[in-house]
Amino acid sequence: MSTTSYQESSSLLLQDLKVTIKEASLIFPSEETLTNERKSMFLSNVDQVLNFDVQTVHFFRPNKDFPPEIVSEMLRKALVKAMDVYDFLAGRLRLNPSSGRLDVDCNGAGAGFVTAASEYTLEELGDLVYPNAAFAKLVTSQLQTLPKDDQPLFAFQVTSFKCGGFAMGISTNHTTFDGLSFKTFLDNLASLLSDKPLSTPPCNDRTLLKARSPPRVTFPHHELVQIQDSETTTTVFEATSEHLDFNIFKLSSQQILRLKEKASESISSGCVRATGFNVVTSLVWRCKALSLVQEEEEEDLEKESTILYAVDIRGRLNPQLPSSYTGNAVLTAYAKAKRKALLEEPFGRIVEMVGEGSNRITDEYARSAIDWGEMYKGFPHGEVLVSSWWKLGFAEVEYPWGKPKYCCPVVYHRKDIVLLFPDIDGDGKGVYVLAALPSKEMIKFQKWFEDTLS
């Protein structure tokens, strides 16, 4: 069974997109919002640990009715309206001296808005799926005119291409949105661009995920590590300076179906389903863990492997969080096993462990994890984190000029984070698995990938 592997295509990528910034400015909410009483927005313990920028690029084909200059003006106006309901996007992150916590000062200091042009056509960019570091030029996160402590939490860049196509590059501080609430934001933006009411008015009340008083940690949280313990451990979010091979493995909907069938043969628990996410995550876990084993070395096989993956808790809490909750409502689930088990157990057993990790996150477990963050400062920790952009649906957003051709995050070297991207073509049910590993580990990862699919 063959998988499409993209390793060789990196040499064909444009290293420089020849992007020129035309204008960089700040945009502000309407006068009405600015004259409201200034307030600060509480950030939950889930938000607190996510103080870093997430950059996404949304590519659009040319549309003669919507040239990039017109699109830029429409977006500028719609974003002003959006900030009337998402007022925190015009705010600034501040350390609250009395609580020692981060919160958002909703001071109306503005969001970034940049227009730019590339000397290339969209076609000349080549394969949009392959993680091209040059895509970073399509996004602005720092405005050069502002001091470091006054940078916006949200910046929007529209880059036009020679063909009339364009890209929306969006940088958001992760404290502002998780993947699901960012998708809701894009849906709302699309509604405003069409002069329609918001599709989902946002719920900005982060106190819904406030820790209990007093906090009660009622479960062991193997997925979290305290900051003082972390002198010797690196966080999975850190970049690495060692050379990594990038590779993308494409799984078709047929291959995913076969993985589900393979898993179903040996799943004994009635509580775990062989979902697309569970089987792909299990495949990644097996390959990543076994890529670290030296030739069936018994000592290596006895080591424990922990995989981390995000679980949306909106529907798991009691009472449930509104689906329109804007903050981070994802917690890190985990599964752990000896590498030997990942080598020898039937595939369905690995899927069971991943499914059980997700099922573990009940209302009480989620509240316990949030309370853990109140008592100890720390972050998720494991051997590998699966970050899934697969089912978020950014490419399904219907703008006046049509749906995006493709959407992707700007990717940086992270050897312990494996990304899942949606298929750019086909039936949309396939997935791309993006891994960055040292060469020797990549060879083994690929070998076990093919072995698990066979």
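**View 1. The buried residues of helix H10 in this predicted model.** Let's start inside the helix: Tyr365, Ala366, Arg367, Ser368, Ala369, Ile370, Asp371, Trp372 and Gly373 are the buried residues of H10. H10 itself covers residues 363–375, 13 residues in total. From first C-alpha to last, H10 reaches 19 Å, close to the 18 Å expected at 1.5 Å a residue.

View 2. Is Gln226 buried or exposed? With a relative accessible area of 19%, Gln226 counts as buried, because the cut-off for buried is under 20%. Leaving out residues up to four places away in sequence, Gln226 touches Trp372, Tyr376, Lys377 and Gly378. One of these, Trp372, is also among the buried residues of H10 from the previous view.

**View 3. The largest cavity and its lining.** How many cavities of 30 Å³ or more does a search of the whole structure find? The search finds one, and the volume of this largest cavity is about 40 Å³. Its lining includes Leu128, Val129, Tyr130, Pro131, Asn132 and Phe135. Also in the lining are Cys408, Pro409, Val410, Val411 and Phe421. By class, ten of the lining residues are nonpolar, one is polar and none is charged.

**View 4. The second largest pocket.** This pocket holds about 430 Å³ of space. It is lined by 21 residues, and those closest to its centre are Ala395, Glu396, Pro422, Asp423 and Gly428. Which strand gives the largest share of the lining? Strand S16 (residues 406–409) does, with four residues. The lining of the second largest pocket has eleven nonpolar, three polar and seven charged residues.

**View 5. Stepping back to the whole chain.** To place the close-ups, here is the chain that holds them. The chain has eleven helices and 18 strands, and its C-alpha atoms fill a box of roughly 65 × 55 × 40 Å along the principal axes. Its radius of gyration is 22 Å, which agrees with the value near 22 Å for a compact globule of 454 residues. Buried residues make up 56% of the chain. Of the contacts with a separation of 6 or more, 81% join residues 24 or more positions apart.

Conventions: Residues numbered from 1 in each chain as written. Predicted model: local features only at pLDDT ≥ 70, side-chain atom pairs only at ≥ 80, totals over all residues. Heavy atoms only, no water. 1 Å grid on protein atoms, 1.4 Å probe; cavity = no way out; pocket = protein on both sides within 12 Å on 5 of 7 lines; lining within 4 Å. Points joined across faces, edges and corners; volume = space filled by probe spheres on them. Nonpolar A, V, L, I, M, F, W, Y, C, P; charged D, E, K, R; others polar. Helix = DSSP H or I, 4+ residues; strand = E, 2+ residues; numbered from the N terminus. Expected span 1.5 Å × (residues − 1). Buried < 20%, exposed > 50% of the residue type's maximum accessible area, 1.4 Å probe, protein only. Rg over C-alpha atoms; globule rule 2.2 N^0.38 Å. Contact = heavy atoms within 4.5 Å.
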